[in-house]
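I shall go through one model, beginning with the chains and ending with a few individual residues.

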Amino acid sequence: MKHSGCAINKERHFSCEDCNGNVSGGFDASSSQIVLCQNNIRNQAHMNRVVTHELIHAFDHCRAHVNWFTSVRHLACSEVRAANLSGDCSLVNEIFRLHFGLKRHHQTCVRDRAILSILAVRNISREMAEKAVDEVFESCFNDHEPFGRIPHSQTYARYAHRDFQNRDRYYSNI
Amino acid sequence: MADSGSWRPPRPCETYHAEWKLCRSARHFLHHYYVHGERPACEQWLRDLASCRDWEERRSAEAQRSLCESERARVQAARKHTLVWALRQSPPADWHLPVPQEKDK
């Protein structure tokens, strides 16, 4: 985030609030703030995942002209990325949700959770949400910025950070 | 690509080794199959490791060429999809400004 010009200040960019329904968090682009739903976040692991998810939205807001409020495609893209890269759709989390599947199930989960996230914040039909997700899926599922890979665990995240620290050497020698 | 005099492998050789080991691990097989529905392909990491070591030992021009080609292919593969949105030239102007007044807490 800092490298992209959006250094995070905990007091400025995070807000803990009580939320309606079972929403865990959100990114408010109009105030550049990540909202954490203190009444719905269950434990540290859940918190880690929610923070990661919302930081991906914040990262997209920082690096791109995302039309959060006027483009369902743009919203869909960021939700696909957040579901893909935050651990939302890990095998373990899906099993806890009683969603059983192995071969390519991650992609099914990402699609379904992106649709749910859109419907939670936009008053549109399920068909419109599905259409937007399907249109952008190929591009956005394969956009792994800033990690360069899907960070399945701490090891992958460490390797991604190592690559980030090595970026100057990398790009000057290829 | 930097001129031959100052060139060095894009990643340290230990990194190629670590990536190859991770790619070949059972956990990565599971992750990859869960995401892509097929087994991962790890051979290129091993080829790159061999090239890296070859360059370190013999300053092989062929090793340098092979590594550059391999990494450029990785970059190309990561960039092949057209982005849905336009990238910014600079971060949002209000990122560091105080929270707007109407967001009352």
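Let me begin with a definition: helices (H or I, at least four residues) and strands (E, at least two) are DSSP runs, numbered from the N terminus. In those terms, chain B reads α-α-α-α-β from its N terminus, that is, four helices and one strand.

Two remarks on conventions. The model is predicted, so local features need pLDDT of at least 70 and side-chain atom pairs count only at pLDDT 80 or more, while totals for chains, interfaces and linings use all residues. Residues are numbered from 1 along each chain as its sequence is written, chains are lettered from A and ligands numbered from 1 in the order in which they are written, and side-chain values use heavy atoms, with hydrogens and water left out.

Let me stay with chain B for its overall dimensions. The radius of gyration is taken over C-alpha atoms, and the globule rule is 2.2 Å times the number of residues to the power 0.38. For 105 residues, a compact globule would come out near 13 Å, but chain B has 21 Å. Its C-alpha atoms fill a box of roughly 65 × 40 × 25 Å along the principal axes. Of the 105 residues of chain B, 37% are buried, where buried means under 20% relative accessible area, exposed over 50% and partly exposed in between, with a 1.4 Å probe and protein chains only.

Chain A has eight helices and four strands. Their order from the N terminus is α-β-β-β-α-β-α-α-α-α-α-α. How does the radius of gyration of chain A stand against that of a compact globule? The rule gives a value near 16 Å for 174 residues, and chain A, at 16 Å, agrees with it. The C-alpha box for chain A is roughly 50 × 40 × 35 Å, again along the principal axes. Buried residues account for 48% of the 174 in chain A.

Contacts along the sequence come next; contact means heavy atoms within 4.5 Å. Taking pairs at least 6 apart in sequence, 48% of the contacts in chain A join residues at least 24 apart. For chain B, the corresponding figure is 60%.

On charge, Lys and Arg count as positive and Asp and Glu as negative, while His and the chain ends are not counted; the place of a charge is NZ of Lys, CZ of Arg, CG of Asp or CD of Glu. Chain A carries 21 positive and 19 negative charges, with mean positions 6 Å apart. In chain B there are 18 positive and 15 negative charges, and the mean positions are 3 Å apart.

Now the interface. A:R169, A:N173 and A:I174 supply 16% of the area that chain A buries against chain B, more than any other three residues.

I turn to individual residues. A:S78 sits in helix α3 of chain A, residues 72-85. Its relative accessibility is 0%, so A:S78 counts as buried. Setting aside residues up to four places away in sequence, A:S78 touches A:I56, A:H57, A:D60, A:W68 and, from the other chain, B:W85.

A:F59 belongs to helix α2 of chain A, residues 44-63, and is buried at 8% relative accessibility. Beyond four places in sequence, its contacts are A:M1, A:S4, A:R81, A:E145 and A:P146. A:E145 and A:P146 are joined by a cis peptide bond, with omega about 0 degrees. A:P146 is placed in the loop between α6 (126-141) and α7 (154-165).

Finally, two residues other than glycine have positive phi. A:S32, at about 50 degrees, is in the loop between β2 (25-28) and β3 (33-37) of chain A. A:R104, near 60 degrees, is in the loop between α4 (91-96) and α5 (105-121). Is each of them buried or partly exposed? A:S32 is buried, with a relative accessible area of 0%, whereas A:R104 is partly exposed at 43%.

Terms used. Buried area is the accessible area (1.4 Å probe) that two parts lose on being put together, summed over both.
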